[in-house]
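Dear colleague,

I am passing on the structure below, together with some notes on its charged pairs and its nonpolar packing. Could you look through it with these notes beside you?

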Amino acid sequence: MSKSFTFITATLLALVTSYSVKAESNTIIRVGGFYANTDSSIDVNDPLLGNNFSLDFEQDLKLEDSQFLPFFEFTHRFNDRHNLYADWKQLHRNALVQSVEKPFQFTWNDTIYDVKSGISLDTTLNIDIARIGYGYDIWQGDNYDVGVSVGIHAMFIKTAFKGDIGVCDVDTETRCPDTVTIPKIVDEKLTAPLPDIGVYGSYEIYPGFKFSGHAQYFYIKLDDLKGGLVDIRLGVEAAITDNWHMTAAFNYYEVDVEYTSNLKNADMKIADYNIYYSFTGPMLSVSYQF
């Protein structure tokens with residue numbers, strides 16, 4: 001079980017159990033999939049020129065830039081106008097480069113790792129985005145509702161390298177002389193829970209068919225983190241049975257994060273991240289309501 005899923009589950013249990021639900025309530029669990037485009041990089045050191053440069057995960061390390069991804073959503077509606085929601089999106093990628101074209105160095109736990117050109121390198125970059133929040137219906141009618149939402153989201157980032165990599169102390173001024181087989185160098189980061197705000201609404205266009213949409217936004221700039229989130233979705237939901245529904249939607253989803261590690265406050269560091277994660281296109285999902 002991933003850390004992001006555990007994060008969602010624990011928080012939802014805490015939120016749900018904090019309310020005494022006296023009115024009619026219902027819960028919706030939705031699963032689906034979509035294609036995402038990703039552009040991600042880390043800032044590393046050029047051992048030949050001595051300057052920093054941006055190492056592209058997709059172009060230089062051959063990670064897939066377009067991939068089919070799953071998503072999970074949970075909504076609990078209670079007391080007529082109140083909603084608790086959570087969603088989770090996953091982007092896990094791995095690639096093996098038979099011959100590295102650009103040599104680079106990165107620092108981890110006061111040790112310099114030297115990746116020379118021509119070696120074989122196995123790279124992993126896993127990104128999970130978890131989000132929870134609360135929504136309130138401001139306007140309601142016989143066949144429509146419109147509301148606002150506030151929530152928090154967090155990103156879980158895991159990077160791993162495996163291969164014949166040079167190793168030397170941080171005081172070394174030349175290329176690392178020794179090359180050893182590294183089982184796996186792993187760096188894991190978690191962004192602090194960050195707020196987002198949004199609006200949502202739905203309209204029943206025909207019995208059993210509902211048009212719905214939402215828009216959420218976030219932007220922040222701190223000492224070690226700069227980024228934003230945009231999530232806009234419009235779709236049509238069709239009832240298969242009283243409990244089962246199918247949804248076809250068009251979604252614009254974008255997360256742009258620049259994350260800088262501070263060596264004074266971090267036990268380990270691979271490099272500074274620049275991750276752009278986007279999706280524009282159709283989504284298909286199935287939901288169960290009870």
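Let me begin with Glu73, which is buried at a relative accessible area of 13%, where buried means under 20% relative accessible area, exposed means over 50%, and partly exposed lies in between (1.4 Å probe, protein chains only). Please bear in mind that this is a predicted model, in which local features need pLDDT of at least 70 and side-chain atom pairs count only at pLDDT 80 or more, while totals for chains, interfaces and linings use all residues. Residues are numbered from 1 along each chain as its sequence is written, and side-chain values use heavy atoms, with hydrogens and water left out.

Glu73 forms a salt bridge with Arg233, their closest N and O atoms being 2.6 Å apart; the term stands for a side-chain nitrogen of Lys or Arg within 4 Å of a carboxyl oxygen of Asp or Glu. Because Arg233 belongs to strand 12 (residues 225-239) and Glu73 to strand 3 (residues 66-78), the pair ties together parts that are 160 residues apart in sequence. Strands here are DSSP runs (E, at least two residues), numbered from the N terminus. Arg233 is likewise buried, with a relative accessible area of 13%, and both residues take part in a network of salt bridges that links Arg30, Glu73, Arg233 and Glu237.

By the rule above, the count comes to nine salt bridges. Another of them joins the side chains of Asp137 and Arg77, at 2.5 Å from N to O, and this pair also links distant parts of the chain, with Asp137 in strand 7 (residues 121-140) and Arg77 in strand 3, 60 residues apart. Asp137 is buried at 0% relative accessible area, whereas Arg77 is partly exposed at 23%. In a further salt bridge, Asp114 pairs with Lys116, the closest N and O atoms being 3.8 Å apart; Asp114 is buried at 0% relative accessibility, while Lys116, at 25%, is partly exposed.

Turning to the nonpolar side, a core is taken as a set of buried Ala, Val, Leu, Ile, Met, Phe, Trp, Tyr and Cys residues joined through side-chain atoms within 4.5 Å. The largest such core has 43 residues, of which Phe34, Phe104, Phe106, Val115, Leu121, Val255 and Tyr277 touch the most other members. Strand 14 (residues 272-289) gives the most to this core, contributing five residues. A second, separate core consists of five residues, among them Phe72, Phe74, Trp88 and Ile132.

With best regards

Technical notes. Helix = DSSP H or I, 4+ residues; strand = E, 2+ residues; numbered from the N terminus.
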